[in-house]
Amino acid sequence: MTLTSSRPARAWGGGATHRFYSVVVFVLLASLDNVAIGLVPPLYGAIAESFEVPQRLLGLVTAVSFLVSAVAAVGWAYFGDRTNRKPLLMIGTLLWAAGTGGSGLAGDYPTFLAAQLLAAVGLGAVGSVGFSVVTDLISPRRRGLVMSFWGLSQGAGTLAGTLVGGLLGAADWRRPFLVLTVVGVAATAAYLFTYDIRRGQSEPELAGALAGGAEYDYRISRTDLPVILGRRTNRWLVLQGLTAQAAFGSLVWLPWLFTERAQAQGYSLATAIVVGSVFATLFQLGGVLSIVGGLIGDALQRRTPSGRALVAAVGILAALPFYLVLFFVPIRIDVPDGAGTGAIVRAVLGSVVSEPTVGLSLLAALLALALTSANSPNWFALIADANPPEHRGTVYSLGNLVNGVGRAAGNGLVGVAFHALRVAFPPPLNYAVGLAAFQLFFIPTGVMYLLAARTSPKDIADVQHLLHTRAEKL
């Protein structure tokens with residue numbers, strides 16, 4: 001395939017307002033997809049009680065869903081790199097909405113599991129295909145910043161899922177699933193009006209050719225897969241997800257750590273779920289600072305082609321001690337048992353000021369999440385920098401597949417670890433010890449980013465040269 005000079009038929013719209021609307025829709029929908037992911041963990045206890053199954057089987061649902069979503073994303077991404085991406089995104093959104101609705105209506109554990117797996121298949125499309133679309137809107141100079149919003153929207157979605165699940169589902173765990181289903185259907189309608197983004201339109205090397213009416217017709221083929229895996233930076237970016245996501249995957253149990261702490265102080269399960277969800281949401285706000293990580297990555301990348309990888313490596317390694325403070329500093333919970341959700345939320349927020357240990361835990365959490373969140377925007381941006389447009393969705397999905405394996409392992413195995421640790425450490429200490437142990441997986445993650453810092457300059461230069469050569473063939 002080559003760059004061709006035949007001018008494609010112009011899609012409707014495409015002005016600044018339409019393009020801005022399209023970006024907003026993609027970012028918001030990336031967030032909504034992660035709301036679906038975050039709904040289940042804060043409701044483990046309530047769902048397990050409803051279906052009369054052990055809680056670890058609910059942890060298994062989350063772990064298997066991560067894996068299925070990651071496997072499905074590879075297929076979605078490959079077809080997205082070959083065909084029109086917009087219909088794929090709409091189909092994926094409808095699938096996760098249907099699966100989420102089925103989860104809320106499920107009458108037993110097997111049905112709930114099947115519905116969650118259907119939702120996971122749809123979620124695979126939005127992440128991988130959506131990433132490919134968004135990178136075609138962002139110039140290399142600002143990739144870190146804009147991808148921080150992309151990554152932040154996903155983190156905010158997971159955060160919102162934790163909060164919505166705990167607040168809406170405290171009295172009836174089915175309610176948040178049904179509400180999100182309606183939102184998912186509305187999101188599909190929003191896709192209909194988005195701008196059809198041209199592949200490669202953000203690349204400086206292709207700007208002149210595309211402005212003159214050329215079309216970037218290069219598409220991925222099976223013969224490209226050895227080329228993709230042959231780029232050393234791709235190998236490190238993909239492999240780091242195995243260890244990074246083992247650590248991140250374990251953190252979905254953070255709401256339950258605080259739920260157990262509340263129950264240990266004598267609170268009922270319903271009150272404890274709200275307390276755990278609010279504390280976990282509050283403590284994860286440091287992820288907002290991923291924007292800073294993206295800005296620093298952009299700035300350092302303009303000075304050295306190793307910049308993004310170095311920022312991610314330093315952030316990951318420096319976060320470890322702050323996680324240990326978060327898990328082990330004891331906090332005193334003082335909320336009215338059985339009170340309404342609003343009263344509990346106000347009491348938890350007030351404890352940040354009135355209880356020194358809660359304030360210390362919040363500070364540790366903000367620093368830990370701020371540092372590790374530098375990983376996300378720089379990982380996204382490095383994939384875009386080190387690969388031509390027709391490879392990016394597939395590389396992202398391969399990384400996401402390994403991420404899914406790591407996250408499934410982290411989420412599933414930490415549940416087993418919690419159970420085994422009960423022999424030596426009574427709840428909630430077993431949860432703190434298990435979570436702390438799993439954060440050690442961040443050490444090999446940081447090392448792999450340091451290795452990527454050594455290989456990325458050559459791979460980025462090779463892609464720039466390739467695109468320049470293709471543009472000259474017009």
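1. In this predicted model, the axes of helix α1 and helix α4 (residues 85–105) come within 11 Å and cross at roughly 30 degrees. Angles under 35 degrees count as roughly parallel, and α1 and α4 are therefore roughly parallel to each other. The crossing in which α1 passes α4 is left-handed.

2. On the α1 side, the contact with α4 is made by Phe26, Leu32, Asp33 and Ala36, and on the α4 side by Leu89, Trp96 and Thr100. Sorted by class, these residues comprise five nonpolar, one polar and one charged.

3. Helix α1 (16–38) also takes part in lining a cavity, together with α3 (55–80) and α5 (109–135); these are the elements that give two or more residues to the lining of the largest cavity. How many cavities of 30 Å³ or more does a search of the whole structure find? The search returns one. The space within the largest cavity amounts to about 160 Å³.

4. The lining of the largest cavity consists of 13 residues, of which Ala36, Ile37, Ser65, Gln116 and Leu123 are the closest to its centre. Ala36 also belongs to the α1 side of the contact with α4.

5. Helix α3 packs against α19 at an angle of about 170 degrees, and the two axes are 8 Å apart. Since angles over 145 degrees count as roughly antiparallel, α3 and α19 are therefore roughly antiparallel to each other.

6. From α3, the residues in this contact are Gly59, Thr62, Ala63, Phe66, Leu67, Ala70, Val71, Ala73, Val74, Ala77 and Tyr78. From α19, they are Gly393, Thr394, Ser397, Leu398, Asn400, Leu401, Gly404, Val405, Arg407, Ala408, Asn411 and Gly412. The class division for the contact of α3 with α19 is 13 nonpolar, nine polar and one charged.

7. Helix α19 (residues 389–421) has a further partner in helix α10 (residues 232–250): their axes come within 6 Å and cross at roughly 25 degrees. The two helices, α10 and α19, are therefore roughly parallel to each other. The crossing of α10 past α19 is right-handed.

8. The α10 residues that meet α19 are Asn234, Val238, Leu239, Gln240, Gly241, Leu242, Gln245, Ala246, Phe248, Gly249 and Ser250. Their counterparts in α19 are Val395, Leu398, Gly399, Val402, Asn403, Val405, Gly406, Arg407, Gly410, Asn411 and Val414. Ten of the residues in the contact of α10 with α19 are nonpolar, eleven are polar and one is charged. Leu398, Val405, Arg407 and Asn411 of α19 meet α10, and these residues also take part in the contact with α3.

9. Two points of backbone geometry deserve a check against the model. Which residues are joined by a cis peptide bond? Pro427 and Pro428 are, with omega at about 5 degrees. Pro428 lies in the loop between α19 and α20 (429–438).

10. Glu52 is located in the loop between α2 (44–51) and α3.

Technical notes:
Residues numbered from 1 in each chain as written. Predicted model: local features only at pLDDT ≥ 70, side-chain atom pairs only at ≥ 80, totals over all residues. Heavy atoms only, no water. Axes fitted to C-alpha atoms, helices over the stretch in contact; angles between N-to-C directions. Helix = DSSP H or I, 4+ residues; strand = E, 2+ residues; numbered from the N terminus. Parallel < 35°, antiparallel > 145°, perpendicular 65-115°, else oblique. Left-handed = near helix turned anticlockwise from the far one by under 90°. Contact = heavy atoms within 4.5 Å. Nonpolar A, V, L, I, M, F, W, Y, C, P; charged D, E, K, R; others polar. 1 Å grid on protein atoms, 1.4 Å probe; cavity = no way out; pocket = protein on both sides within 12 Å on 5 of 7 lines; lining within 4 Å. Points joined across faces, edges and corners; volume = space filled by probe spheres on them.
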